[in-house]
Amino acid sequence: MASKRGKRKADVIDIQVIAAEAVTQNGSIVASAVASDAQKITVEKVEYTTDMRPPRLDGPADRILSWNVASLRSTLKKDADAIGRLIDMEEADIVCLQETKLKDSDVESCEKILRPGLHDWHFYFNNSQAKKGYSGVAVLSRTKPLSVTNGLGVEDHDQEGRLITAEYPSYYVVNVYVPNSGEGLKRLDYRVGSWDVAFADYLAGLSAKKPVILTGDLNCAHQEIDIHDPKRNLKSAGFTVEERESFSAQLLQRGFKDTFRERYPDVVGYTYWNYRTGARARNRGWRLDYFLVSEALAGRVHDIFHLPDIQGSDHCPVGLILHRVGES
């Protein structure tokens, strides 16, 4: 279960008390620490709750949801109305799904389940061809995009169904499921040295035409605040120094803003919890799911939110609400 709304948790950490004493003979100041003076100080760790959301925006807005469903067929089998109910709750215009795990032959049956609540919506899927029933992304859109493109346009990166780009009049929405570096970091070199570079170049090409909204499972907990146990995970896929530095260099330093961290610089907001360890009940998670936006859109962000109470996957949905471009 996610943490209760409005609740703040306090972590106890060990901090050594430093006693400073001036040495006037040479004008310098010497700081000395005595181990016996170490004492425990309680420091509050503020966890994100939906109570932090701003008042609902009444004016024109673009509302986008993103969710790693960890198998769309499984999600719909457990709860056929899960996606539709989420859309209704947030009055969403666009829904981006990751890790759909569909084969091409599964699409029709999933559309059949989704369609009753989404009569006039437009559905787009990019499924893995390299390994059936693996990875995969989808975009569901209330209005028909100007164009929809699958992949980066690079064959070496496009066989696993990891990317869909939907073009709208004022921006692109890029939905991505970034490759995991894998057990034993066997794909780390590919992830950081090849995929991240090609992906950043692809985003730069789009950004030269119009602003970009990037969302999805980026498979990186960027800062220590984004993971429950940073010290023990320095060699874990998704939190290596290489991945975090690449996130900074290829995304943030190339014009994108991390909307959640911009809005909540000191707030813990996990979006993924390991099923096997029962991590969700204890809120021992990772922040892997993001909305990054071009600087041109950053000032239009009204709300960036997580929905940790939504079950059905080891990830929770995340959402973005923008003031409609050209309107306030």
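This short talk goes through a pocket, a helix and a few single residues of one structure.

The model is predicted, so some limits apply: local features need pLDDT of at least 70, side-chain atom pairs count only at pLDDT 80 or more, and totals for chains, interfaces and linings use all residues. Residues are numbered from 1 along each chain as its sequence is written, and side-chain values use heavy atoms, with hydrogens and water left out.

I start with the largest pocket. Its space is about 1,000 Å³. A pocket here is an open set of points on a 1 Å grid over the protein atoms alone, where a 1.4 Å probe fits, with protein on both sides within 12 Å along at least five of seven lines; lining residues have an atom within 4 Å of a point. The volume is the space filled by probe spheres set on the points, which are joined across faces, edges and corners. The lining has 42 residues, and Asn180, Tyr272, Asn274, Arg276 and Asp314 are the closest to the centre. By class, 13 of the lining residues are nonpolar, 16 polar and 13 charged. Ala, Val, Leu, Ile, Met, Phe, Trp, Tyr, Cys and Pro count as nonpolar, Asp, Glu, Lys and Arg as charged, and the others, Gly among them, as polar. Helices α1 (72-78) and α7 (279-282) each supply at least two lining residues. Helices are DSSP runs of H or I with at least four residues, strands are runs of E with at least two, and both are numbered from the N terminus.

Next, helix α3, residues 107-114. Which of its residues are buried? They are Val107, Cys110 and Leu114. Buried means under 20% relative accessible area, exposed over 50%, and partly exposed in between, with a 1.4 Å probe and protein chains only. These residues lie on the same side of α3 because they cover an arc of only 70 degrees around the axis, taken from the directions from the helix axis to the C-beta atoms. Glu108 and Lys112, on the other side, are exposed. The buried residues pack against α1, α2 (82-90) and β7 (122-126), where contact means heavy atoms within 4.5 Å.

Last, three loop residues. Asn233 sits between β12 (212-217) and α5 (241-250) and is buried at 12% relative accessibility. Leaving aside residues up to four places away in sequence, Asn233 touches Ile227, Phe239 and Trp286.

Glu91, in the loop between α2 and β6 (94-98), is not a glycine but has a positive phi of about 50 degrees. Asn283, between α7 and β14 (289-294), also has a positive phi, near 55 degrees. Glu91 is partly exposed at 44%, while Asn283 is buried at 9%.
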